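Hello,

Here is the structure we talked about, handed over for you to look through. Please open it first, and then read on for what turned up.

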Amino acid sequence: MRQREASPWVSPALDRVAAHAWRVLVIGATVAAGFWLIGQLLIVVIPVVVALLATRLLHPVQRVLRSRVPAAVAAALTLGGFVVAVALVLALVGVSVGSELDGVGTTVRDGIDEVEDWLVDDAPFDISRSDVESARERVGDALSRFVSSSDGAVRSGAVLA
């Protein structure tokens, strides 16, 4: 490779720093493009990462089973055991969350009513109950419009979660 000639107007140290700076810029742009691409493919990247983690988690179990039974049986037992374990965990968590859902709605409603009472009775602002009720209706309407007109953003967020 031919070495390029140094310019008489630029010091050799500055010339070397500039050459390295271009390389750093190219590496930075490549990393930024990689992160942008991962962000665009997030719906694909997250399941792949979860699958890789699950594979790493289940490998020791499969290795122990494989020493005792054929490979296909070991794979089927490992996968079946994993599915059963995940189903049990989700069932236990679902039961406890489901039993608390009734209380959440009541608690939120009571909290909103307490804030409304404070705004009308004790707040330093001059707010009537009708003002609070109309604001509450406007917020509810805006929230329902947002959910209905989000073009699937809420649904895709739920799917991603």
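A term to start with: a residue is called buried when its relative accessible area is under 20%, exposed when that area is over 50%, and partly exposed in between. Please also keep in mind that this is a predicted model.

First, the overall picture. Of the 161 residues in the chain, 6% are buried. The accessible surface of the chain amounts to about 13,500 Å², and carbon and sulfur atoms account for 69% of that. As for contacts in the chain with a separation of 6 or more, 20% of them are between residues 24 or more positions apart.

Next, the charged pairs. How many salt bridges does a search of the whole structure find? The search finds four. In general, side chains of opposite charge can pair when their charged atoms come close.

One of the salt bridges joins Arg136 to Asp113, with 3.3 Å between the closest N and O atoms. Arg136 sits in helix α4 (residues 129-148) and Asp113 in helix α3 (residues 71-121), so this pair ties together parts that are 23 residues apart in sequence. Arg136 is partly exposed, at a relative accessible area of 32%, and Asp113 is partly exposed as well, at 30%.

Another salt bridge is formed by Glu116 and Arg129, whose closest N and O atoms are 3.1 Å apart. Here too, distant parts of the chain are linked: Glu116 belongs to helix α3 and Arg129 to helix α4, 13 residues apart. Is Glu116 buried or exposed? Its relative accessible area is 6%, and because that is under 20%, Glu116 counts as buried. Arg129, on the other hand, is partly exposed, with 35% relative accessibility.

Arg129 also forms a salt bridge with Asp117, and in this pair the closest N and O atoms are 3.2 Å apart. Again the pair links distant parts of the chain, with Arg129 in helix α4 and Asp117 in helix α3, twelve residues apart. Asp117 is partly exposed, with a relative accessible area of 35%.

Which residues form a nonpolar patch on the surface? They are Ile27, Val31, Phe35, Ile38, Leu42, Ile46 and Val50, and together they have about 620 Å² of accessible area. The elements that each give two or more residues to the patch are α1 (12-40) and α2 (42-66). The largest share, four residues, comes from α1. Ile46, one of the patch residues, lies in helix α2. With 33% relative accessibility, Ile46 counts as partly exposed.

I would be glad to hear what you think.

Best wishes

Methods. Residues numbered from 1 in each chain as written. Predicted model: local features only at pLDDT ≥ 70, side-chain atom pairs only at ≥ 80, totals over all residues. Heavy atoms only, no water. Patch = residues over 30% accessible without salt bridge, like charges linked within 9 Å, V, L, I, M, F, W, Y side chains within 5 Å. Areas by Shrake-Rupley, 256 points an atom, 1.4 Å probe, with all protein chains shown as cover. Salt bridge = Lys/Arg side-chain N within 4 Å of Asp/Glu carboxyl O. Buried < 20%, exposed > 50% of the residue type's maximum accessible area, 1.4 Å probe, protein only. Contact = heavy atoms within 4.5 Å.
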